[in-house]
Amino acid sequence: MKLTPKRKRSDSAAAAIAATQAAALPPLEPPAHVLVPPEARPFWDAIVQARPRDTWNPVDMASAANLARVQCALEASLIGSDEHMKLTRLALALTRAIAVNTVATVGRSADIAKGAELERKARQDDGDDLIPRLRAV
């Protein structure tokens with residue numbers, strides 16, 4: 001017997017409304033029993049925003065806090081050192097464990113490449129003066 005509630009289809013109106021409401025909220029707070037030091041807080045915020053808000057449970061959030069602390073330690077470690085390599089491996093394992101790695105968040109590399117190609121073409125397309133386009137200023 002399945003104990004978790006049935007998820008909404010991602011292409012439904014209800015899912016779109018829930019996503020819009022979740023996007024308007026600040027990042028999730030870590031559970032009270034989990035320490036996220038102030039210097040690791042930017043990493044925490046980025047990690048918990050990589051997945052839909054309603055998919056986080058307390059165990060995943062504890063692992064996300066570990067990942068935030070590891071990423072903070074990576075910033076302070078000397079690149080190429082043994083400590084940096086160990087922290088990098090740990091960070092990669094944690095991203096896979098809590099499903100915030102690239103494949104889990106944006107899809108297969110083949111799909112990413114297609115999107116990157118479309119974006120690259122859009123940047124190079126000067127178009128004409130009749131069709132208004134967004135431009136960075």
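Student: Where does Ala 99 sit?
Tutor: Ala 99 is in the loop between α4 and α5 (102-106). Helices here are DSSP runs of H or I with at least four residues, strands are E runs of at least two, and both are numbered from the N terminus. Keep in mind that this is a predicted model, where local features need pLDDT of at least 70, side-chain atom pairs count only at pLDDT 80 or more, and totals for chains, interfaces and linings use all residues. Residues are numbered from 1 along each chain as its sequence is written, and side-chain values use heavy atoms, with hydrogens and water left out.

Student: What phi does Ala 99 have?
Tutor: Ala 99 has a positive phi of about 55°, although it is not a glycine. Most residues other than glycine have a negative phi.

Student: And what does Ala 99 count as in terms of accessibility?
Tutor: Ala 99 counts as partly exposed, at 32% relative accessibility. The cut-offs are under 20% relative accessible area for buried and over 50% for exposed, with partly exposed in between (1.4 Å probe, protein chains only).

Student: Switching topic: how many salt bridges are there?
Tutor: The count is three. The rule asks for a side-chain nitrogen of Lys or Arg within 4 Å of a carboxyl oxygen of Asp or Glu.

Student: Which residue does Glu 29 meet in a salt bridge?
Tutor: Glu 29 pairs with Arg 41, at 2.9 Å from N to O. Glu 29 lies in the loop between α1 (13-24) and α2 (41-48) while Arg 41 is in helix α2, so the pair ties together parts that are 12 residues apart in sequence. Glu 29 is exposed at 52% relative accessibility, and Arg 41 is partly exposed with 24%.

Student: What about Asp 45, which residue does that one meet?
Tutor: Asp 45 also has a salt bridge, to Arg 41, at 3.0 Å from N to O. The two are four residues apart in helix α2, which means about one helical turn separates them. Asp 45 is partly exposed, with a relative accessible area of 22%.

Student: Which residue does Asp 60 pair with?
Tutor: Asp 60 bridges to Arg 51, at 3.0 Å from N to O. Asp 60 is buried at 17% relative accessibility, and Arg 51 is buried at 12%.

Student: Which residues do shared partners join into one network?
Tutor: Glu 29, Arg 41 and Asp 45 are joined that way.

Student: OK, helix α3. What does its length come to?
Tutor: Helix α3 covers residues 58-76, which is 19 residues, and its end C-alpha atoms are 28 Å apart. That agrees with the 27 Å it should span at 1.5 Å a residue, since the expected span is 1.5 Å times one less than the number of residues.

Student: What do the buried residues of α3 pack against?
Tutor: They pack against α2 and α4 (82-97). Among the buried residues of α3 are Asp 60, Met 61, Leu 67, Val 70 and Leu 74.

Student: What does a side-chain oxygen of Asn 57 reach at the start of α3?
Tutor: That oxygen comes to within 3.0 Å of the backbone nitrogen of Val 59.

Student: Zooming out, how many helices and strands are in the chain?
Tutor: The protein chain has six helices and zero strands. Of its 137 residues, 24% count as buried.

Key: Contact means heavy atoms within 4.5 Å. A polar contact is a pair of N or O atoms within 3.5 Å; within protein, one must be able to donate a hydrogen and the other to accept it, and residues adjacent in sequence count only if both atoms are side-chain atoms.
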